[in-house]
Amino acid sequence: MVAPAALRVVRCGGSSFHGARAVFSADSKQVGPGPGPGPGYLLCASGDFVKMYSVATEETLRLMGGHADLVTGIQLNPHNHVQLYSSSLDGTIKLWDFMDGIPIKTFTVGSKLLALYALASFEDSVFVVIPKRGERATFQLVSVKLTKAAGQDLEAKELSVVLDGVDASPKSIAFGREGEYVASVKEIDLQVYFFKQKQLNRFSVSAAKTKSGNNQFTCIACHPTEDCIATGHADGKIRIWRNFYHKKEYIYSTLHWHHDTVMDLAFSVEGDSLLSGGVESVLVLWHNQSECEKDFLPRLGSPIEYISMASDGTLCCTLHTDNRITIINSNLRFARSIQGLIKSADIKTGLVVDPRTKALVLNGEPGHLQFYCLQSDQQLFSLDIVQRQYIHQAGLNQADLVKVAFSARGKWLATVEEREEVTDPELQLKLWFYDEEAQSFKLNTRINMPHEDQITDLCFRDMDELEDDSVILVTTGRDRVFKVWVIVEDTDPEAQQSVSWSCDFIGSYHNYQATNCCFSEDGSLLAVSFEETVTVWDSVTWDLKCTFCHPPGKIRNICFGRLTCSKYLIGVSDDGFLCCWNLLSCALEWSAHLNILVLQPDPLSEYIAAVSWLSKESSLFVFKPNEPRPIYIQRNLCREKIQLAAFIPRDEPETVGSEKYLWLRRSQLFFLTDTQELMTLSTKSLQERLTPASKQLAVEESLPVTPFSLLLGKHRRQQSQDDIDLGKLFVRNKCEQDSPAVKELLHTPAHVLPSASFLCPIFINSLLISKENKSAEEVADEVEMESEKPEDDSDEERDVTEMEQENTSPLELFGEMTCKLPKSQEKELRKIRKVDYSWISAF
Amino acid sequence: MGEFEVHRVRFFGLVPAGIRCLACQPHGARLALARTDGAVEIYNFAANYFQEKVIPGNQARSVEALCWVAGDRLFGAGLGGEITEYDLFRLCAAHSVDGGGGPIWSMAANNSGTQLAIGCEDGSVKLFQVVPGGIQFGQNLNRQKGRILCLSWHPSDTHIAAGSIDVVRVFDVSSGQTVQRIMMNYRVHKVKRECIVWSIAFLSSGTVVTSDSFGRVQFWDWERGTLQESHTVSTSAVLSLSVSEKEDSIIVGTSTGATYQFQLLPVKTGSLEKRWVRTKPFQHHTHDVRAVAHSSTALISGGLDAQLVIRPLVEKMQKKGYDAALRKFTFPHRCLVSCARKARLLLFQFSQHLELWRLGSTDKTGESQGPALVQALWQSPRCLQDFEHELSCAWAGPEHICCSCVSPCGSWVAYSTASRFHLYEVQYDGDSVSVKKVPKVPKLLLPAYQLQFSADSGSLFIASAQGSVHVLQLLEPGGCKHLHTFRPLSGCPEAVYLLAVSADGHWLAAVGGDWAIHIYNLKCFKHHCTVPTYNCAVTALAIHPVTNNLVIAYSDQQLFEFSIPEKQYTAWSRMVQNSGLHKVWLERDSPITHITFNPKNPSHILLHDIYMFCILDKSLPLPDDSALLMNQTTLKQLPETARQWQLHAFKICKKFQPLLFADLLDENCLVMVERPIMDFKTQLPLPIQQKKFGT
């Protein structure tokens, strides 16, 4: 491990796909490991990155980073189907080899790029949308000549304007068949430019807002083989334009099904059908552009933002506003969905950690609870809490989930849903029991109107050791009381379950609104904040023990200290104070003037993280309650406002280099910004994280069989047999048994490899059979090298750490060195060993 | 401007009959229209789609198909089983030939205009030779089961495509044999339903276009019998179909009231491959669109809601404006109401009966300021039921009434059908009415096209065929005498359709089908003069009671004033022609149907069309194009002094719509006959139930 770098903020999911349409890799029969032929990969712009997914397994295969700002367009290189162009707001176009995740070239254009189009008929230029110089909010479509000069970083300054006054959205421009013409829509105007004839035709729809809504254009698609343009409108209509090379005798017909804005359109590859989607979350397939012949794929969960077709027409995919990607078969059957962190309109539940799966739990689809696995950046499952049909229509007040709490071991789940009504809000408290057999939560108790008014907080008494009947739930409400709910035996023999929940105690304090509640670590004390006052209650007798008050601010959040600091109670008030009270002396221990938005204690240690929001930047403070000086401060954590944070326990404590980062040893801190990007803090350096580490490529299995690979395979087999013969002295990595040099050689594209003369010795070295007694060290070496490549996914980190531990045993066995060596020495040793002298032994 | 007491009459229960079929004159400028009650109307495209001629219907003679043959001969065929040729000069059925195959559902003329094919109930297709003065049976084509609902000739006249139930057949004309049989795929739905081919067209490329009861428009290759394209346009039936002359555009009408246009468009720029594309949907009708027609510049559709909709193809127009406006005609372009001013009676003409109503008396005058019309309350108008009863009894035969009139004194009522003329004397005794038929009406050349009593009720003028006008002298009690027959000097083959009599009984103006206006002197029974011919149809005319100026309204919205004594246009008329009428005035699409005058205010001309009532003040300057034509509301807001500057000749009131008749009873009393659209829509059969989003 290299010397610990400063902590860095790392995005780890959830950023929106709102940049551009997704792109399927070209039909790759020799590549696709999935069932049947078809595109193997799906590429999406996601924040500053381009993500590559496997269509077959829904896995994120690769994350391609390098752009300094939002990626706004991705297009396959029409002349090389394993290359991808991407454009970004940072003013560059990058050409990637996406099979290997390597940036090949970077073209600097200079101005912001808002959309990218690449066409086969234009040999060496691509089209981008850029803001017009000197004018605000006007954009133009320009063609950019991509120079073929050598070198990685190139300037692309040869711009020629194709269309003026275009819209910034990538959906508002489409290129016609074989690049004959380009069509662009903006507001009520459609303009079509014919490249060959150099003719520009403009058409417009009536500007008047009709009674059915406004008919502004929203998106456009061109027929792949015919002169036909489909446009979507804000009133839900789709217009099919033909004959538009005549200025006068143009013709359009209308298709109308959507009741709200048509968000995107796509023609099938043959052009005989048209796909449209919108806020209704229904994908509509129009056959032969006929109003009467249409098919639907309903219940896609959330509004459709982008539709894209695979180039062979077997699949299409829809990108949704909540960041879900749905892959749909050509016969309009749902195939699979790729969902990372689902973007919800408003995260009311906060970030909760499921103790059972260590998944992040928060609002997902409307009325659902999503369980998001951080390691795989995938949704584990979605629990329907509200269990009501969600109607996709603006302006409807529908019931949504507002609060969630898990009991300590994840046996019980409490959810609160509400429907905001001015007169009487609809409230429901639901208690769910984890059914081991069904492996899911089952509804146990439903309490209508648990409080007269909104529930502000709820928590379980966290007592791992105690029996079931000691589980207590406390809810606080705006109706100025807090309620204690306990499990009671159901006396009714007819009842399906033996236990249910009922209210045990109602407490109040001076008729103030109860805002927060929190149990101490041992469960003996309950702290409830009533506006400006924090009250502490005995959880057995429900006596009011003491009150803390630090006027004048209202309490925003409270928590108890843990472990050695359990005698402290931390409170945050909205006038910008962080207070720490000593429970033994009932006195204020210390306070700090900070506008804390998020207060998050680590469940496994005494550290508490607090995020402040001051002068448009978020800062992180980590402190222990027993000392008023923070352990760690990071100013300017990110530009966005941090909404929520959570500590996720690590499976294994991480080795952290510095004392300063000790608080990260047992748990990892995650943040959610108001743009719903999930971030975490990492000690690893930038380069390490950005090099594509996850080499577990699907390519490997599907490489065509060549004599070389046969030879290599033979060699591998042989080696593995040797390993077996060695008596399994060491543990090997599961599948990757060849030397890293060979791997490197095989996974690097030929054009970026160093010269063959340089590679040859390394390659040959790797094929040499080393002496048995050295092999263990060698293996350790390899594994070490592996581990030095830090992983994006903590999943693999876990693997690595496991390996590290296992590695120690053979080392011990050989007795060459002990594990007790100080870390720095160990590193030195490893460095020496990295130089492979094994080939000498062969002589 | 003036205040008027207004009788707002809404009890004229006119229900126009639905439109059954339409036929555009090939290369011509006329549209023939047949209604479900058997009436046939001719619209003239050149004269702004003016309803030029009406051939009254006949209960026994329904019309299922109309065709123009050899340019200007019009044939109709119906469920009565007869093929009828219409005499467009005398506006009646010229002669009929029995088809010999039971009810006739369809008829089509070949391209060269030599043969007529009819499709009959018994499944036969028969060909008739068109000969001068009639038709002759030619041949029977191979007969099979199933009524022939539609027919179409191949443009080369060698083949006929016939649509029946579940099947389309193609016949070879020379051999009479079925050469192709196309089964419609009727198992579209799980339940086996029969597929009715409602309409068919045979294109010169060999493509047969069908529209059927499943809502499909299909394109077939007749030689192979294969389906080329199929477009489902509706969930209910597609009833009608029409192809443009160039065969690059098709219009279809559905039973939900929607019409769609299909266009043959190249798939790519410059490529030869073309495809039919459904382009424009229109929803102008509330009921079945039974008939569509494709003229060279417009899509025309007619429905069971009695609306004729003419939608010009904007892209074929040189410029936007008057010609490109959408037109909808629901009511006839002539007055069906006559008014007895002195007796305050209204006579309503229906297709089969007449109604005479006495207007109520006013008990309160509303108060209003400015040049607004004052609406007055009316007291219980009563239909003179005995009268109706009497006339109903008098009604004999299936013929429809062509024209009717009540004399100004109210004691005479005359009406005419195609074959009979009736004159009644009505006597009022308090509330009871007695109607006496005038015996010994002189035998005249019938039918009568327009009736007009003189202002003193002393004589009756009967417009007749060949441009002649008969004058009858009415004698008390209950007699009449034929005085004279006026004929135009030059001779005219067409019938007179409008008459105007001067208040002093001195002059009579008559307009014939050739749009020439002849003025006769009634004192010496002489032809006085002819108004210089204007190249448009006359829609209304009237003689000023004081100045004896003839005011003429043409279908292109032009107004002329012709001084009868001086035999020339008046100075005002010349001034109007020089300065031109207001643009908005000229862009109105409904013709002026009635002109009257205010004797107290000689400079006022009162005229109206369906949508407005206008008082034209000759003493005020004409508005120029920059001025607002409808300026009453803005005038009201202006102070008195400023108002003077803004005044112009046109005072338009759109309060009463649709306005079927307006007349001045006396100096300050108006009668307005309205027929609210909703009132008559409720009397139509229910349209097809359609689910609408959000209801």
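Visitor: Which residues does A:Phe623 touch, not counting those up to four places away in sequence?
Guide: In this predicted model, A:Phe623 touches A:Ile570, A:Leu578, A:Trp590, A:Leu599, A:Glu606, A:Tyr607, A:Ile608, A:Ala610, A:Pro630 and A:Ile631. Contact means heavy atoms within 4.5 Å.

Visitor: And which residues have the most contacts inside the largest nonpolar core?
Guide: A:Phe623 is among them, along with A:Val534, A:Phe548, A:Leu569, A:Ile570, A:Leu578 and A:Leu599, in a core of 29 residues. A core here is a set of buried Ala, Val, Leu, Ile, Met, Phe, Trp, Tyr and Cys residues joined through side-chain atoms within 4.5 Å. Buried is under 20% relative accessible area, exposed over 50%, and partly exposed in between, with a 1.4 Å probe and protein chains only. A second, separate core has 25 residues, including B:Phe50 and B:Tyr554.

Visitor: What ground rules apply?
Guide: Being a predicted model, it needs pLDDT of at least 70 for local features and 80 or more for side-chain atom pairs, while totals for chains, interfaces and linings use all residues. Residues are numbered from 1 along each chain as its sequence is written, chains are lettered from A and ligands numbered from 1 in the order written, and side-chain values use heavy atoms, without hydrogens and water.

Visitor: Switching to chain B: how many residues of strand 53 are buried?
Guide: Five of its five, in residues 613-617. Strands are DSSP runs (E, at least two residues; helices are H or I, at least four), numbered from the N terminus.

Visitor: Which way do they point?
Guide: B:Phe613, B:Ile615 and B:Asp617 go one way from strand 53 of chain B, B:Cys614 and B:Leu616 the other. In a regular strand, side chains alternate between the two faces of the sheet.

Visitor: What does strand 53 of chain B pair with?
Guide: Strand 52 (residues 604-608) of chain B joins it antiparallel through five bridges, and strand 54 (residues 650-653) of chain B pairs with it antiparallel over four. Pairing takes at least two DSSP bridges. B:Phe613 stands opposite B:His608 in strand 52, and its bridge partner in strand 54 of chain B is B:Cys653. Strands 52 and 53 of chain B form a hairpin with four residues between them.

Visitor: How many aromatic pairs are there over all chains?
Guide: The search finds 56. One of them, B:Phe348 with B:Trp357, is tilted, at 6.3 Å centre to centre and 45 degrees between the planes. Rings of Phe, Tyr and Trp (its six-membered ring) pair with centres within 6.5 Å; planes under 30 degrees apart are stacked, over 60 edge-to-face, the rest tilted. Both B:Phe348 and B:Trp357 are buried.
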